[in-house]
Amino acid sequence: MNTFVTAILSSGVDYAYIGLSRNLTDDGNNWLDEGKAGFINLKSPKASSPRATCGQIINNNAKHRGKWLYGNCGTPRNYICEKVFNLCPPGWLTSATSGTCLKPYDAKVNYSTARERCREQLADLVVITSSDMNDLVHEQLVTGTGETFWFGLNDIDKEGHFRWLEDLSKPIYTNWDNDQPNTGDRGSFEDCAMLNYLHATDKKWHDVSCSAKYKYICEKSPNCANSIYGMTCVYICGITNCMNKTCDRKSGICRDGCEPGFRDPRCDKEIVVVVVVVVVVAVVVGVLVVVVLIVVLVLVVVVVVVVVVVVVVVVVVVVVVVVVVVVVVEAAVVKI
Ligand SMILES: [Ca+2]
Ligand SMILES: [Ca+2]
């Protein structure tokens with residue numbers, strides 16, 4: 001996003017106001033309507049003066065282009081506006097948390113039917129990967145309905161391994177109720193997750209048999225153009241070097257892989273890093289192999305030398321013994 005904002009500024013702009021403000025009480029960085037800023041890109045962590053509370057992005061400075069600073073709010077500057085488009089179809093809730101469109105359905109069906117019905121809408125069951133998303137789904141779609149809803153979490157493929165639909169990685173965020181999900185025989189029977197179960201505590205999740213029938217919530221991506229993604233359709237796949245400039249409209253993950261020289265999943269990392277790591281590992285392994293070979297060779301030489309010495313000593317001893325015996329026998333014969 002920061003790269004995008006910098007890219008759209010014309011070269012004549014030195015600084016432009018952005019929606020960032022400094023909290024004088026704790027020196028915190030805040031977005032206008034969203035509170036504490038997660039991503040920070042300040043040129044310097046400290047503001048130059050106590051009155052400098054309005055965030056600006058630097059443009060016409062090669063070294064600091066794209067960095068932010070705080071200035072006096074009375075200083076005339078260029079500015080960048082952001083407009084939130086409602087790109088979700090009619091009847092779908094735009095989720096500011098996930099950048100997706102959500103819709104609850106009233107029909108009570110089993111889990112697999114709920115997924116099929118969502119897919120007919122080019123959607124799938126809603127995936128809840130943060131407490132903010134869980135709050136939004138409950139507060140805007142679930143709480144107060146008195147109904148239970150399917151969502152996109154299950155352990156159908158492998159008992160005890162709950163996963164988000166097609167995502168095979170272990171969920172980072174979960175919000176199971178006490179003693180949920182069930183294990184043992186009951187766990188084997190209960191493989192699908194649901195929201196707002198009758199006996200659930202606040203916003204907690206339960207697992208249950210997938211053949212039970214509940215309402216369901218579908219989730220789909222907004223209607224961005226092919227090379228664009230995100231709720232407001234301002235993220236461009238091309239910036240992240242996606243092949244054919246196509247990416248998942250929700251996650252930004254490149255659908256056709258990366259352009260040469262870049263890595264998955266968003267193709268924003270150059271592959272040269274991997275090459276360097278591979279080369280370093282290969283060199284280290286090569287050196288270790290050479291050292292081992294030298295040690296083995298030295299051991300073989302030592303063993304051969306020891307064997308030769310032993311053989312020589314044995315031969316010498318045998319010869320000496322034979323000579324002594326011959327001399328003694330000859331002396332005895334002479335005496336007789
Ligand atoms: Ca289970
Ligand atoms: Ca359960």
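This is a predicted model: local features need pLDDT of at least 70, side-chain atom pairs count only at pLDDT 80 or more; totals for chains, interfaces and linings use all residues.
Modeller: Local features here need pLDDT of at least 70 and side-chain atom pairs count only at pLDDT 80 or more, while totals for chains, interfaces and linings use all residues. Residues are numbered from 1 along each chain as its sequence is written, chains are lettered from A and ligands numbered from 1 in the order written, and side-chain values use heavy atoms, leaving out hydrogens and water.

Colleague: How many helices and strands are there in the protein?

Modeller: Both are DSSP runs numbered from the N terminus, a helix being H or I over at least four residues and a strand being E over at least two. Counted that way, the protein has 5 helices and 18 strands.

Colleague: Is the protein a compact globule or more spread out?

Modeller: The C-alpha atoms fill a box of roughly 135 × 65 × 45 Å along the principal axes. The globule rule is 2.2 Å times the number of residues to the power 0.38, and the radius of gyration is taken over C-alpha atoms. For 336 residues the rule gives 20 Å, but the radius of gyration is 36 Å, well over that, so the protein is more spread out than a compact globule.

Colleague: Which residues of helix α3 are buried?

Modeller: Buried means under 20% relative accessible area, with exposed over 50% and partly exposed in between (1.4 Å probe, protein chains only). The cover over the buried residues of α3 includes β8 (100-109) and β14 (214-220), where contact means heavy atoms within 4.5 Å. In α3, residues 131-142, the buried ones are Met 133, Asn 134, Leu 136, Val 137, His 138, Leu 141 and Val 142.

Colleague: Which backbone oxygen does the side chain of Thr 6 reach?

Modeller: Thr 6 is found in helix α1 (residues 2-8) and is buried, with a relative accessible area of 8%. Leaving aside residues up to four places away in sequence, Thr 6 touches Ile 57, Asn 59, Arg 65 and Gly 66. At 2.8 Å, its side chain reaches the backbone oxygen of Asn 2.

Colleague: What spacing do the donors of the calcium ion (ligand 2) follow along the chain?

Modeller: Donors are N, O and S atoms within 2.8 Å of the metal (3.2 Å for Na, K and Ca), and water is not among the atoms, so sites may look incomplete. Lying 2.2 to 2.4 Å from the calcium ion (ligand 2) are Gln 180 (OE1), Asn 182 (OD1), Glu 190 (OE), Asp 207 (O) and Asp 207 (OD). Gln 180 and Asn 182 are buried. Along the chain, the donors follow the spacing Q-x1-N-x7-E-x16-D.

Conventions: A polar contact is a pair of N or O atoms within 3.5 Å; within protein, one must be able to donate a hydrogen and the other to accept it, and residues adjacent in sequence count only if both atoms are side-chain atoms.
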